[in-house]
Amino acid sequence: EGEGLVPFLLFADDRSVYPVLSGNLSLLTSNYPLFSTYQHFTTPPFFIHLFSVPVISYYILHIQEVPMEQILNLQHISYTYHTLEGETPALSDISFSLNKGEFAAIVGPSGCGKSTLLSLICGLLPCSDGQITINGRHLKESTTNVGYMLQHDELFEWRTIYNNVILGLEIQHALTARTKKRAHELLNIYGLSDFENSRPSELSGGMRQRAALIRTLVLEPELLLLDEPFSALDGFLKDMLQREMQDFLKDYPGDMILVTHSRDEAYKFCKELSVVDGGRILVTDEKKRLFENPRMLEAAKLTGCKNFSAAQRLGDHEIYATDWKMKLHTAEKVAEDITHVGIRGHWIRPEEKPGENCLEVQVDEYIETTFEHQYMIRKKDEEAAAGLWWMRPKNSFREDPDMGLPKYLYLPPEHLMLLK
């Protein structure tokens with residue numbers, strides 16, 4: 001556009017504007033279809049002058065949002081068990097999707113329908129209502145390799161551990177020199193190489209669970225379904241296998257759905273999290289957002305929060321916690337339909353002086369766990385006030401839990417969860 005002058009490009013998305021110098025706008029827009037449209041201006045904005053670049057004009061390129069490719073989609077799924085005694089609804093109006101490259105968790109109490117949902121996804125049970133598609137094809141027409149690790153190991157006693165591990169490969173006619181080698185590698189990784197010729201009854205429950213996991217992984221599934229994979233393991237072995245699983249998932253090119261009642265397992269392995277109760281999905285969100293703000297009372301309970309009070313709205317950022325008998329300032333704007341407030345015990349902080357969101361401490365109950373003190377505290381001199389659990393990390397195993405107790409506790413506004 002003239003000697004010493006260059007076009008100036010502004011890459012704009014929904015949050016930010018990125019300034020970039022370039023000499024060929026037409027080449028950029030033709031080679032990168034993300035740039036759906038652009039606008040040309042002759043008066044540069046103020047901040048361009050901060051770069052001390054001679055600019056005669058500039059362009060704003062609008063980046064279009066590219067939809068994520070879905071590997072799994074459930075639309076209004078319901079399932080009912082039929083017995084001689086009658087019908088028992090297990091799942092009702094479940095809608096759920098999984099994008100390529102995602103690891104998702106389904107968290108809920110026993111009997112809420114988590115395992116039934118996996119059985120529907122892999123085709124072991126037919127839907128009563130709704131539709132399931134995998135890679136855009138109806139479940140019955142899908143050719144996607146799905147690996148399903150059941151909640152119980154379901155190993156066959158008449159087969160050795162090795163022959164149990166390769167059973168799926170045999171059924172799929174995929175037993176080759178490479179897959180046999182992979183089976184032996186996985187048996188070695190998970191500490192079962194010395195038990196290849198053993199029968200399932202000769203192994204402990206945890207060892208059988210590992211064999212079932214290997215039987216699933218050796219199939220190299222595109223979609224991996226795990227139903228409580230660590231439930232039968234003791235603490236040390238569980239930690240070891242979870243680390244092995246994390247290493248496996250780093251290089252795993254497929255997608256995964258983990259069903260668990262453990263909030264810690266869900267948080268450790270997955271980015272997206274759905275909370276299920278009573279056969280319905282209560283809420284689905286990115287895990288950090290969901291733990292910070294579950295939005296629903298039952299979802300907060302199922303993610304491990306123990307402290308709740310009924311709440312009355314006093315203003316845009318003020319509530320009265322009727323059970324705790326205290327007024328609270330909130331960082332989040334208080335909606336008209338909020339019914340409860342909650343806070344996780346680990347976020348409560350000690351204070352030495354009274355102030356906003358503070359209560360004077362009275363300890364009603366104490367529980368010692370391995371690495372922390374847990375106090376049931378209540379607002380002092382308020383006999384009718386409900387208690388809150390405060391979690392205090394230990395400094396040593398010989399620490400006196402009564403030493404150094406604060407006079408007040410502070411409930412940070414940014415950690416107050418406004419719930420329905």
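The lining of the largest pocket divides into 9 nonpolar, 4 polar and 2 charged residues, in a model that is predicted. The volume of this largest pocket is about 370 Å³, while the second largest pocket holds about 310 Å³ of space.

**The largest pocket**
- The lining of the largest pocket is made up of 15 residues, and Y148, G168, I171, R215 and L219 are those that lie nearest its centre.
- At least two lining residues of the largest pocket come from each of strand 10 (146-149), helix 4 (167-171) and helix 6 (205-217).

**The second largest pocket**
- By class, the residues that line the second largest pocket comprise 5 nonpolar, 5 polar and 5 charged.
- Two or more residues of this lining are given by helix 8 (263-269) and by strand 21 (372-379), and helix 8 contributes the largest share, with 3 residues.
- There are 15 residues in the lining of the second largest pocket, of which R263, D264, T303, R344 and H346 lie nearest its centre.

**Helix 2 and the residue that follows**
- Helix 2, which covers residues 114-121, is mostly covered, with 7 of its 8 residues buried.
- The buried residues of helix 2 are K114, T116, L117, L118, S119, L120 and I121, where buried means that the relative accessible area is under 20%.
- Just after helix 2 comes G123, a residue that takes a positive phi of about 85 degrees.

Key: Residues numbered from 1 in each chain as written. Predicted model: local features only at pLDDT ≥ 70, side-chain atom pairs only at ≥ 80, totals over all residues. Heavy atoms only, no water. 1 Å grid on protein atoms, 1.4 Å probe; cavity = no way out; pocket = protein on both sides within 12 Å on 5 of 7 lines; lining within 4 Å. Points joined across faces, edges and corners; volume = space filled by probe spheres on them. Helix = DSSP H or I, 4+ residues; strand = E, 2+ residues; numbered from the N terminus. Nonpolar A, V, L, I, M, F, W, Y, C, P; charged D, E, K, R; others polar. Buried < 20%, exposed > 50% of the residue type's maximum accessible area, 1.4 Å probe, protein only.
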